[in-house]
Amino acid sequence: MKYVLMFADTEQFAADLAAMDESERERAYARVQQWFADHHDKITHHSHLMPPDTATTLRLDRGEPLVSDGPFVEGKEIVSGYAEIEVADLDEALRVAKSWPACPVVEIRPIAA
């Protein structure tokens, strides 16, 4: 079964990352790279997203389509990346997600067949 793990940054996580010195930040990034290496056999695709200020939102629920700059939802949690995984079931997806070493929020969503 395929799932998408969506990794969400929080304001506090971003502030903590920005406050790290270069060697601390390199160790944090190394933990993320190690996570991808540890789970490479389950990950079918992954990507880091550009910051939310680069987003464009198209609203189709107000008659005429409305295009606006920025993310769809103003919020304190911003999806910063994702990984598509292929695993046996939700339990295995949860095990993979629980080992994520970075952003404090991971949304797990099955991919429609």
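User: Where is Glu-92 found?
Analyst: Glu-92 sits in helix α3, which covers residues 90-98. Helices here are DSSP runs of H or I with at least four residues, and strands are E runs of at least two, numbered from the N terminus. This is a predicted model, where local features need pLDDT of at least 70, side-chain atom pairs count only at pLDDT 80 or more, and totals for chains, interfaces and linings use all residues. Residues are numbered from 1 along each chain as its sequence is written, and side-chain values use heavy atoms, with hydrogens and water left out.

User: What is Glu-92 in contact with, leaving aside neighbours within four places in sequence?
Analyst: Lys-42 and Val-87, with contact meaning heavy atoms within 4.5 Å.

User: Switching topic: how many helices and strands are in the chain?
Analyst: Three helices and six strands, running β-α-α-β-β-β-β-α-β from the N terminus.

User: What does the C-alpha trace span?
Analyst: About 45 × 40 × 20 Å along its principal axes.

User: And how much of the chain is buried?
Analyst: Buried residues make up 26% of the 113 residues.

Key. Buried means under 20% relative accessible area, exposed over 50%, partly exposed in between (1.4 Å probe, protein chains only).
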